[in-house]
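Biologist: Could you walk me through how to read aromatic rings in a model? I'd like the general idea and then the real case.

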Amino acid sequence: MEKGVLIILSGFSGAGKDTVIKKLMSKYDNYALSISATTRAPRVGETEGVSYFYKTVEEFEQMIKEDKLYEYAQFVGNYYGTPKDYVNEQLELGKDVILEIELQGARIVKEKNPEVVTIFVTPPDAKSLKERLIGRGTEDMATINARLRRATEEAQYMDEYDYLLINDDLDICVEELHTLIKSQHFSVNRNIKKINHIREGVKAFSEGE
Ligand code: 5GP
């Protein structure tokens with residue numbers, strides 16, 4: 001079976017990543033979403049084991065000690081990390097695995113696995129970013145401002161990513177993301193075995209002439 005593609009989806013807080021991923025996963029069944037561990041408190045509507053695995057700082061630091069995380073980072077005062085086992089398991093099953101993580105984590109994964117495809121999602125402009133952050137009503141003003149400051153920092157490094165996705169129209173954004181991921185299956189790097197097989201076939205054919 002062909003191994004799945006590992007994808008990192010990053011983007012400013014309030015860029016609509018969650019909504020894009022939810023819609024993508026409800027439409028297509030070739031995806032697996034890694035559920036992260038975090039020390040941040042659950043927001044209204046979030047569920048343990050679905051949105052995140054919620055941990056205390058002590059529990060999270062224990063996971064680090066026991067080498068249970070593929071990567072981890074701190075973001076606006078909280079730890080976030082990707083549990084190790086699930087990612088490899090799903091890739092082996094042929095699923096395209098999405099990690100919805102921020103820049104520091106993206107850098108760690110890229111170093112460990114250069115084949116990862118990194119995508120940065122952004123709203124069309126900064127104004128809609130602030131509106132979305134305030135509009136969802138899940139954070140107080142101090143947290144919103146801290147997240148906007150973090151977005152300013154992250155904006156400097158957007159060009160480290162392989163692809164940029166503008167989330168203006170949700171349906172279009174989801175289709176573009178799906179097409180982008182699908183196209184990765186055709187990359188030469190992922191198809192070396194097939195290339196060698198065809199090469200040998202062509203060689204045998206021409207020698208037999
Ligand atoms: P939020 O608190 O809004 O759910 O997430 C805050 C930031 O943490 C987002 O940029 C999100 O992509 C990132 N994040 C979520 N899970 C992980 C993770 O496992 N590792 C890293 N490095 N970042 C994560």
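Predicted model: local features only at pLDDT ≥ 70, side-chain atom pairs only at ≥ 80, totals over all residues.

Biologist: What describes a pair of aromatic rings?

Modeller: The distance of the centres and the angle of the planes. Rings of Phe, Tyr and Trp (its six-membered ring) pair if their centres lie within 6.5 Å; planes under 30 degrees apart are stacked, over 60 edge-to-face, the rest tilted. Here there are eight aromatic pairs. Take Tyr72 and Tyr79: their centres are 6.2 Å apart and their planes at 70°, so that pair is edge-to-face.

Biologist: Are Tyr72 and Tyr79 buried or exposed?

Modeller: Buried means under 20% relative accessible area, exposed over 50%, partly exposed in between (1.4 Å probe, protein chains only). Tyr72 is partly exposed at 36%, while Tyr79 is buried at 13%.

Biologist: And which pair is formed by Phe120 and Tyr161?

Modeller: An edge-to-face one, with 5.1 Å between centres and 65° between planes.

Biologist: Which residues do ring pairs link into a cluster?

Modeller: Tyr52, Tyr54, Phe75 and Tyr80.

Biologist: Where does Arg107 lie?

Modeller: Over the face of Tyr157, 4.9 Å from the ring centre. The test is NZ of Lys or CZ of Arg within 6 Å of the ring centre and within 35 degrees of the ring normal.

Methods:
Residues numbered from 1 in each chain as written. Heavy atoms only, no water.
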